[in-house]
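Dear colleague,

I am passing on the structure below, with notes on what was found in it. Please read them with the coordinates open.

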Amino acid sequence: MATAHLSTQILRPILPVCGSFRRVTTTGLPSTIIFKTRKELNPRNQYLKWARKLSLVEQSSLPKPTVDVEGLVSFLYDDLPHLFDDQGIHPTAYDEQVKFRDPITKHDTINGYLFNISLLKNLFRPLFQLHWVKQTGPYEITTRWSMVMKFMLLPWKPELVFTGTSVMGINPNNGKFCSHVDFWDSIENNEYFSLEGLWEVFRQLRIYKTPDLETPRYQILKRTANYEVRKYASFVVVETNEDKLSGSTGFNAVAGYIFGKNSTTEKIPMTTPVFTQALDPELSDISIQIVLPLEKDISSLPDPSQETVNLRKVEVGIAAALKFSGKPAEDVVREKEKALRSSLIKDGLKPKMGCLLARYNDPGQTWSFTMRNEVLIWLEEFSLD
């Protein structure tokens, strides 16, 4: 089956010689690059044209690398996972005048670079995951990563998710990293200072109430403006038939199983979310499910007492998730499913039939504007390359 790829444009506003950010023209005459958006130009189009032109010039005119770029690739695989832990990265691998840019932050020294890392560590407690590291130019390395952060200064500690690429420039004179530019998957304008980037941060600060209960484990692979792509570990559900996607007529039956209506009268801890799953394109073949604790193996679980209740193992899989708040009425859920499926097809992915509605909250004890709901669609194969 063909592998689906998300469209990712890696931009390269970095030259091998890292004294300053400069543009190389086909005449060989450099001109200064202005990082701020010019009103008369579309900044992303200018970046794309320049990146293509620079790539051709680099391949034809730059000398053969004299630094061990492959060794630096291996170094980043070992070093970057420590970006926000107590060990930290090795600052000696970076120039004193290393230039850092992301859509809302910039620093031009190693002290500023390390300060930015420390600030994020203390305010957001980031969970950083490195997906891959590749050489993408004679003196350039690109990394792909995911980062989940909690903003500790707000009482509800909102979760912020960013995924993207970092383009690392190498100084050929000393083999150290002299620039680091981040590109977020969720925005178009990745220049500093990007109002789109600032809005992306603010819109993730909204309140979503997630109960302090066990939930299926997943790894965030990519976050776009419209959805997250997640890789779920396997989990076991207890399920029964349901009448509609946003329904709850079967909830008492599956809840009864974990409350002791099983062959051994065992009481099993409650988890979140409650899933309702549609298996057909019309979203009419519905089941309601409660996820069982992760330490429970399907072979050791007691049998359900009711014939209409079943146990089933959900295998490892990749799903796209669209998060929303409010009471998940049937028409709202179907609208969200349609919007998510349309976004996936537009991005070149292959969604499977049906969908899942994940409801995290007790509707009788949660304000509707703080409810966390998600529509998920399982995907065919997915690649981060």
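**Helices and sheets**

Helix α3 (residues 110-124) has 15 residues, and the distance from its first C-alpha to its last is 21 Å, close to the 21 Å expected at 1.5 Å a residue. Please keep in mind throughout that this is a predicted model.

The residues of α3 that are buried are I110, G112, Y113, N116, I117 and F124. They pack against β4 (94-102), β5 (105-107), β7 (140-150), β8 (159-170) and β9 (177-184). Just after α3, R125 has a positive phi of about 45°.

The partner of β6 is β7: the two pair in the antiparallel sense over 9 bridges, with Q135 opposite I141 in β7.

Now to the second region. Strand β16 (residues 317-324) is mostly covered, with 7 of its 8 residues buried. Strand β11 (residues 228-232) pairs with β16 in the antiparallel sense over 5 bridges, and E228 stands opposite A321 in β16. Strand β18 (residues 373-378) is also an antiparallel partner of β16, over 6 bridges; here L322 stands opposite V375 in β18.

Helix α6 (residues 330-346) has 17 residues and reaches 24 Å from its first C-alpha to its last, close to the 24 Å expected at 1.5 Å a residue. Its buried residues are E330, V333, E337, L340, R341, S343 and L344. These cover an arc of only 160° around the axis, which puts them on the same side of α6. An α-helix has 3.6 residues a turn, so residues three or four places apart point the same way. On the other side of α6, D331, E335, K338 and K346 are exposed. The buried residues of α6 pack against β16, β17 (355-359) and β18. Just after α6, G348 takes a positive phi of about 85°.

Regards

Terms used:
Residues are numbered from 1 along each chain as its sequence is written. This is a predicted model: local features need pLDDT of at least 70, side-chain atom pairs count only at pLDDT 80 or more; totals for chains, interfaces and linings use all residues. Side-chain values use heavy atoms; hydrogens and water are left out. Buried means under 20% relative accessible area, exposed over 50%, partly exposed in between (1.4 Å probe, protein chains only). Helices (H or I, at least four residues) and strands (E, at least two) are DSSP runs, numbered from the N terminus. Two strands pair if DSSP finds at least two bridges between them. The expected span of a helix is 1.5 Å times one less than its number of residues. Contact means heavy atoms within 4.5 Å. The arc is that of the directions from the helix axis to the C-beta atoms.
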